[in-house]
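Open the structure in your viewer and keep the selection tool at hand. The stops below say what to select next and what is found there.

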Amino acid sequence: KKKARVSCSLPEPSWEERLANAVTPLWRLPYQEQLQVKYESQRKILQTLASRLEELGIDAQKPGGLCCPLQPVVPSPIINGYRNKSTFSVNRGPDGNPKTVGLYVGTGKERNIVCVKANHVENIPSKHKQVAQCYEEFICRSPLDSCILFHEGGHWRELVVRTTSRGHTMAIITFHPQQLGQEALATQKALLKEFFTSGPGAVCALTSLYFQESTMTRCSHEQSPYQLLHGAPHIFEELLGLKFRISPDAFFQVNTAGAEVLYQAVGELCQATGDSVLLDICCGTGTIGLSLAHRVSKVIGVEVVEKAIEDAEWNAAFNGISNCEFHSGKAEAVLPQLLASWEDARPLVAVVNPSRAGLHYRVVRAIRNCRSIRRLLYISCKPEGEAMRNFLELCCPPDPLKKLAGEPFAPVLAIPFDMFPHTVHCELVLLFTR
């Protein structure tokens, strides 16, 4: 007799599990095991950097094949619900509802995107989930369609929620105007405001409600202004005893408690003395520079987002900090000018905290060619990406063709900080000296 085949295939994971696996891949692991996984990934990155430096003729191999000593991953003080900013999409859910507010499972390339509610995602706080649920309720009542593909019409798009430890909540709703006139737009804004102030959305107790009309995937305040529909123009956060003002599109570390630990360590690694000048490149709302201002004689911040610089200047004034100056503009335009004419005899320490795209080559070149900078802290959320190119540019031998005349830096210490529990990501602080 033929034996009947026994099927031992595992049951299909639920949509909630699929989303958790996509957004927080380490969610099933105990926290100590998560830290070990991250330590191993950072170790591999430093091994890669060591071998890349060897290819450039630099003897960079340290014990374990690393380019410099690697300290254990510094844990996050908060493990669940730590995010102070969440971005929710609007698209078709597992049940086919085109007005589902959640996060994506699948990819555009594979054309298998499904928008799943984020109620079970560990790193998102309950307040963000509440606002997302209310926004979904609002757009489901609206006669206007959601905007899934720009060219197919529809209006309701993503939602950004920002919260602070002071209990403030900001919601930013992106809307595609399509062919709507000003009167129709005004009607939608009035309905939105009414829903969140006196309707079912009032339970969210929003501090600020913003509306942005946008015909692009992402656009800045300069390209399309954020329109305040209700409440205060800013929310406020406290960090290391200082008060910070946050605008809709200003950069602020996504894990506030983790940022405090990170910035304290940065302060110690800088070894800045009372006569030092701190150069804070990609400074956002000025959090790093302002938190270290009491240790140094002067802070110079550079940031591309104009509104963030306005916040940084307000933050300095509000906290009574008078030894900071902030420059608005692309770092590759501002920094070379700033450093080319640098004649200050005070020691200069640089901290760079760029986006995943890393630093522009002209920024690296300006740092290399400024002899006053002997110590550099590079904070990277994706050190295996474009930041790796920056590390090599900082450490390679002088190259006249690339106009890299300055003495090369060398990596001397690496400390990973777990700013993103349950995910595979880490914030790596690499200390370079020369």
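Begin with the aromatic side chains, of which the structure holds 12 pairs; rings of Phe, Tyr and Trp (its six-membered ring) count as a pair if their centres lie within 6.5 Å, and the planes are called stacked when under 30 degrees apart, edge-to-face when over 60 and tilted for the rest. This is a predicted model, in which local features need pLDDT of at least 70 and side-chain atom pairs count only at pLDDT 80 or more, while totals for chains, interfaces and linings use all residues. Residues are numbered from 1 along each chain as its sequence is written, and side-chain values use heavy atoms, with hydrogens and water left out.

Select Y135 and W156, an edge-to-face pair with 6.4 Å from centre to centre and 85 degrees between the planes. Y135 belongs to helix α3 (residues 126-141) and W156 to strand β4 (residues 156-163), so the pair ties together parts that are 21 residues apart in sequence; helices (H or I, at least four residues) and strands (E, at least two) are DSSP runs, numbered from the N terminus. Both Y135 and W156 are buried, a word that here means under 20% relative accessible area, with exposed being over 50% and partly exposed in between (1.4 Å probe, protein chains only).

Next, select T100 in strand β2 (residues 100-105), which is buried with a relative accessible area of 4%. Which backbone nitrogen does the side chain of T100 reach? It is that of G93, at 3.3 Å, and a polar atom of the T100 side chain also lies 2.9 Å from the backbone oxygen of N97. If neighbours within four places in sequence are left aside, T100 is in contact (heavy atoms within 4.5 Å) with residues including S89, C115 and E136. Move on to S89, which is found in strand β1 (residues 85-91) and counts as buried at 15% relative accessibility. Leaving aside its own neighbours within four places, S89 is in contact with T100, V101, G102, Y104, C115 and E158.

Now select helix α2 (residues 31-55), whose 25 residues should span 36 Å at 1.5 Å a residue, and whose end C-alpha atoms are 37 Å apart, which agrees; the expected span is 1.5 Å times one less than the number of residues. Among the buried residues of α2 are Y31, L35, I45 and L53, and the buried residues of this helix pack against α10 (386-395), β15 (410-417) and β16 (427-433). Just after α2, G57 takes a positive phi of about 85 degrees.

For the last stop, turn to positions taken from UniProt, where annotations may be inferred rather than shown by experiment, feature names are shortened, and positions are given in the numbering used here. The UniProt annotation "active site" (unreviewed entry) covers C381, which lies in the loop between β14 (373-380) and α10. Not counting residues up to four places away in sequence, C381 touches R356, F420, C426 and E427. For "binding site" (unreviewed entry), UniProt lists Q253, E303 and N353. Q253 sits in the loop between β9 (242-246) and α5 (256-270) and is buried at 3% relative accessibility; N353, in the loop between β13 (348-352) and α9 (361-368), is buried at 9%. With neighbours within four places left aside, the contacts of Q253 include N353 and E427, and those of N353 include Q253 and E427.

Technical notes. A polar contact is a pair of N or O atoms within 3.5 Å; within protein, one must be able to donate a hydrogen and the other to accept it, and residues adjacent in sequence count only if both atoms are side-chain atoms.
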